[in-house]
Amino acid sequence: EVEKIRIKITSLGLTESRITSDETIQQLFVECRLNNFLAEETPLSLPKPTSGQRIHYNYSTVINVDKEDNHAEREYLKSILLKPDLPADSLKFTVVSDPPEDEQDLECEDIGFAYVSLKEIFQKQRDIIEQDIDVFDSQDASAVIGKLTVTVEALHALRSVHEECKNQ
């Protein structure tokens, strides 16, 4: 059985903020990043939801972390479990503003960040299933601009990596 981390980006809702009132922000997509290895993004960007509404991506991806082919990812997971002070122990979700078709001179802009701690999944021995996580404003890390509903199934892979650490 190939060990893997399953990630699903279900939906996004925004609270009233500079994002909801900014008319240049119209289409949003979500990127998910594991350290520096891997970035996956929702293939669709969807129209920005109005306050109280949600947009649904229902996007799933899998990160393989088996020994044979994905050594770097696996070593990174080991470092998360072995080095308690490692700051980057999280999957990072970035909400990105996709410029409209007719304004291609505008850049994609990161508007918010959300995090899932893999270390915490291991410590609590519990995957995150369809959970709302806070999205923080990219310009003000203390301000929550919305909720991202995600699933992160990593416990099986983390347990396996942990066993391997113990046996070394």
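# Notebook: salt bridges, helices and core

**Entry 1. Glu3.** I opened with Glu3, which counts as buried at 15% relative accessibility. I am working from a predicted model here, so every number below is computed from it. Which residue forms a salt bridge with Glu3? I found Arg74, with the closest N and O atoms 2.5 Å apart. Arg74 sits in helix α2 (residues 71-82) and Glu3 in the segment before β1 (4-14), so this pair ties together parts that are 71 residues apart in sequence. I then looked up the accessibility of Arg74, and that residue is buried too, with a relative accessible area of 2%.

**Entry 2. Other salt bridges.** How many salt bridges does the structure hold? I get twelve. I picked two more to look at. One of them joins the side chains of Glu31 and Arg33, at 3.3 Å from N to O. Are its two partners buried or exposed? Glu31 is buried, with a relative accessible area of 15%, while Arg33 counts as partly exposed at 30%.

The other one is Lys67 with Glu164, whose closest N and O atoms are 3.7 Å apart. This pair links distant parts of the chain, 97 residues apart: Lys67 is in the loop between β5 (54-64) and α2, and Glu164 is in helix α4 (residues 155-166). Lys67 is partly exposed, with a relative accessible area of 45%. Glu164 is buried, at 17%. I also checked for shared partners: Glu3, Lys67, Arg74, Glu75, Lys78 and Glu164 are joined by such salt bridges into one network.

**Entry 3. Helix α2.** Next I wanted to see how α2 itself is built. Its twelve residues should span 16 Å at 1.5 Å a residue, and I find the end C-alpha atoms 16 Å apart, which agrees. Which residues of α2 are buried? My list reads Glu73, Arg74, Tyr76, Leu77, Lys78, Ser79, Ile80 and Leu81. What do the buried residues of α2 pack against? They pack against strands β1, β2 (27-34), β5 and β6 (90-98), and against helices α3 (118-124) and α4.

**Entry 4. The core and Leu118.** Nonpolar side chains tend to be buried together in soluble globular proteins. I went to the largest nonpolar core, which has 44 residues. Which residues have the most contacts inside it? I wrote down Leu91, Phe93, Leu118, Leu148 and Val152. I followed up on Leu118. Leaving aside its neighbours within four places in sequence, Leu118 is in contact with Leu34, Leu77, Ile80, Asp89, Ser90, Leu91, Val152, Ala154 and Leu158.

**Entry 5. Rings.** How many aromatic pairs does a search of the whole structure find? I got zero. I did pick up a charge over a ring: the charged end of Lys92 sits over the ring of Phe113, 4.4 Å from its centre.

**Entry 6. Phi values.** Most residues other than glycine have a negative phi. I noted two residues with a positive value. Asn58 has a phi near 45°; it lies in strand β5 and counts as partly exposed at 47% relative accessibility. Gln125 has a phi near 55°. Gln125 lies in the loop between α3 and β8 (128-137), and at 35% relative accessibility Gln125 counts as partly exposed.

**Entry 7. Glu101.** Last stop. I located Glu101 in the loop between β6 and β7 (109-117). Is Glu101 buried or exposed? At 70% relative accessibility, I put Glu101 down as exposed. I also took a distance from there: Glu101 and Gln139 are 25 Å apart in space, C-alpha to C-alpha, and 38 residues apart in sequence.

Note on methods: Residues are numbered from 1 along each chain as its sequence is written. This is a predicted model: local features need pLDDT of at least 70, side-chain atom pairs count only at pLDDT 80 or more; totals for chains, interfaces and linings use all residues. Side-chain values use heavy atoms; hydrogens and water are left out. A salt bridge is a side-chain nitrogen of Lys or Arg within 4 Å of a carboxyl oxygen of Asp or Glu. Helices (H or I, at least four residues) and strands (E, at least two) are DSSP runs, numbered from the N terminus. Buried means under 20% relative accessible area, exposed over 50%, partly exposed in between (1.4 Å probe, protein chains only). The expected span of a helix is 1.5 Å times one less than its number of residues. Contact means heavy atoms within 4.5 Å. A nonpolar core is a set of buried Ala, Val, Leu, Ile, Met, Phe, Trp, Tyr and Cys residues joined through side-chain atoms within 4.5 Å. Rings of Phe, Tyr and Trp (its six-membered ring) pair if their centres lie within 6.5 Å; planes under 30 degrees apart count as stacked, over 60 as edge-to-face and the rest as tilted. A charge sits over a ring if NZ of Lys or CZ of Arg is within 6 Å of the ring centre and within 35 degrees of the ring normal.
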